[in-house]
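The following exercises are to be worked with the sequence and the coordinates at hand. Each task is followed by a solution in steps.

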Amino acid sequence: SVVIDLREATFAPGVTTLHCRSVFGSIEVKVPPHVRVELGGGGVFGSFEEVGHNDLAAASPEAPVLHIIGKAVFASVEVICRPSKERRAALPRPQRS
């Protein structure tokens, strides 16, 4: 299994392409909320999917795009959108009553 954490990466304007191929394993790609993700891969007895939806990047036409292509054979490729630990710590916390 592999985790590719891109939450602190700097993305150039336009499209960045990431090629992922997994056989009998898993790849988890973590992306920051300001990046729009486009998937162009597929799974054979596995999955190639975005977990959750990134509404923040989808709303911005100027958002950088990460195009992920590849295959998952008896495996999975999952893309997860979440802020980095530093950015998550800076977010306001909900009040408990």
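The model is a predicted one.

**Exercise 1. Determine the secondary structure of the chain and the confidence assigned to its elements.**

Step 1. The protein chain contains 2 helices and 7 strands.

Step 2. Along the sequence, these elements follow the pattern β-β-β-β-β-α-β-β-α.

Step 3. The mean pLDDT of the chain is 83, and 78% of the residues score at least 70. Among the elements, strand 1 (residues 2-5) has the highest mean, 95, while helix 2 (residues 85-90) has the lowest, 56.

**Exercise 2. Identify the sense in which strand 6 pairs with strand 2 and with strand 4.**

Step 1. Strand 2 and strand 6 are paired in the parallel sense, over 9 bridges. Within strand 6, V65 is the residue opposite V15.

Step 2. The pairing of strand 4 with strand 6 is parallel and also comprises 9 bridges. Here K71 of strand 6 faces G42.

Step 3. For the chain as a whole, consider contacts with a separation of 6 or more: 79% of them join residues 24 or more positions apart.

**Exercise 3. Characterise the aromatic pairs of the structure and explain why they are classed as stacked.**

Step 1. There are 2 aromatic pairs in the structure.

Step 2. The ring centres of F24 and F74 are 5.2 Å apart and the planes meet at 5 degrees, so this pair is stacked. The cut-off for that class is an angle under 30 degrees.

Step 3. F24 belongs to the loop between strand 2 (15-23) and strand 3 (26-31), and F74 to the loop between strand 6 (65-73) and strand 7 (76-81); the pair therefore ties together parts 50 residues apart in sequence.

Step 4. F24 is exposed, at a relative accessible area of 64%, whereas F74 is partly exposed, at 45%.

Step 5. F74 also forms a stacked pair with F45, at 5.1 Å centre to centre and 10 degrees between the planes. This second pair links distant parts of the chain, since F45 sits in the loop between strand 4 (36-44) and strand 5 (47-51), 29 residues from F74. F45 is exposed, with a relative accessible area of 69%.

Step 6. Together, F24, F45 and F74 make up one aromatic cluster.

**Exercise 4. Decide whether S76 is buried or exposed, and list its contacts.**

Step 1. S76 is located in strand 7.

Step 2. Its relative accessibility is 18%. The cut-off for a buried residue is under 20%, so S76 counts as buried.

Step 3. Neighbours within four places in sequence being set aside, S76 contacts S22, G25, S26, I27 and S47.

**Exercise 5. Describe the largest nonpolar core.**

Step 1. Buried residues account for 29% of the 97 residues in the chain.

Step 2. The largest nonpolar core comprises 15 residues, and those with the most contacts inside it are C20, V29, V31, L66, I68, V77 and V79.

Step 3. Strand 3, strand 6 and strand 7 are the elements that give two or more residues to this core.

Step 4. Residues up to four places away in sequence excluded, C20 touches I27, V29, F48, I68, I69, G70, K71 and V77.

Methods. Residues are numbered from 1 along each chain as its sequence is written. This is a predicted model: local features need pLDDT of at least 70, side-chain atom pairs count only at pLDDT 80 or more; totals for chains, interfaces and linings use all residues. Side-chain values use heavy atoms; hydrogens and water are left out. Rings of Phe, Tyr and Trp (its six-membered ring) pair if their centres lie within 6.5 Å; planes under 30 degrees apart count as stacked, over 60 as edge-to-face and the rest as tilted. Helices (H or I, at least four residues) and strands (E, at least two) are DSSP runs, numbered from the N terminus. Buried means under 20% relative accessible area, exposed over 50%, partly exposed in between (1.4 Å probe, protein chains only). Contact means heavy atoms within 4.5 Å. pLDDT is the predictor's confidence in each residue, from 0 to 100. A nonpolar core is a set of buried Ala, Val, Leu, Ile, Met, Phe, Trp, Tyr and Cys residues joined through side-chain atoms within 4.5 Å. Two strands pair if DSSP finds at least two bridges between them.
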